[in-house]
Amino acid sequence: MTSIGDWAFQDCSSLTEITIPDGVTSIGECAFVGCSSLTEITIPDSVTGIGRATFSGCSSLTAITIPDSVWIIESYAFSDCDNLTIYGYVDSYAQEYATENNIPFVALDKPTTTTTTTLPEETQPEENNGENQPDENNV
């Protein structure tokens with residue numbers, strides 16, 4: 001499955017949480033419209049688009065995490081979600097959408113990558129029998 005179709009879960013008032021599987025790339029228009037008991041959702045990194053009015057009328061929706069991979073959120077995606085906070089990354093489309101639509105936004109920390117560099121083993125200094133010793137007068 002690569003997408004959740006338009007109107008797929010319309011008015012499923014008993015739906016309280018959703019796990020969107022990895023591999024889904026788009027969430028269709030009005031896919032969860034009217035799911036009034038839905039409280040929280042996390043969208044996987046595979047999703048790139050959220051359709052028009054997808055979560056409209058999800059009046060219990062309080063939190064949604066939107067990854068950097070989402071580059072389009074169509075109009076009215078979260079209309080009538082009065083208690084919603086969007087969680088996402090700074091300078092992401094999620095932040096832009098939240099700002100444009102007066103939805104509270106909480107910035108998440110980006111995962112950090114640690115790089116380990118292995119240096120060659122130190123070699124033992126060769127004995128120089130006093131050669132190349134600093135001159136006490138020139139120190």
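User: What makes Thr85 the bridge partner of Ala63 in β8?

Analyst: In this predicted model, Thr85 lies in strand β8, residues 85-88, and Ala63 has Thr85 as its bridge partner there. Strands here are DSSP runs of E with at least two residues, helices are runs of H or I with at least four, and both are numbered from the N terminus. Two strands pair if DSSP finds at least two bridges between them; strand β6 (residues 63-65) and β8 have 3 bridges, in the parallel sense, and therefore they count as paired.

User: Why is Thr85 called buried?

Analyst: Buried means under 20% relative accessible area, exposed means over 50%, and partly exposed is in between, with a 1.4 Å probe and protein chains only. Thr85 has 17% relative accessibility, so this residue counts as buried.

User: What makes β8, α1 and β9 a right-handed unit?

Analyst: A crossover is right-handed if, with the strands pointing away from the viewer, the path from the first strand over the helix to the second runs clockwise; β8, α1 and β9 make a β-α-β unit of this hand. Strand β9 (residues 105-107) is joined to β8 by 3 bridges, and the two run parallel, with Ala107 in β9 as the bridge partner of Gly88.

User: How is the largest nonpolar core defined, and which residues have the most contacts inside it?

Analyst: A nonpolar core is a set of buried Ala, Val, Leu, Ile, Met, Phe, Trp, Tyr and Cys residues joined through side-chain atoms within 4.5 Å. The largest one has 29 residues, and those with the most contacts inside it are Phe55, Ile66, Phe78 and Ile86. Helix α1 (residues 93-100) gives the most to this core, with 3 residues. Not counting residues up to four places away in sequence, Phe78 touches Phe55, Ile66 and Ile86, and also, among others, Tyr97 and Ile103.

User: Why are β1 and β7 called edge strands?

Analyst: The open sheet of 4 strands has the order β1-β3-β5-β7, with parallel pairing, and β1 (3-4) and β7 (72-73) each pair on one side only.

User: How are residues numbered, and which limits apply to the model?

Analyst: Residues are numbered from 1 along each chain as its sequence is written, and side-chain values use heavy atoms, with hydrogens and water left out. In this predicted model local features need pLDDT of at least 70 and side-chain atom pairs count only at pLDDT 80 or more, while totals for chains, interfaces and linings use all residues.

Notes
Contact means heavy atoms within 4.5 Å.
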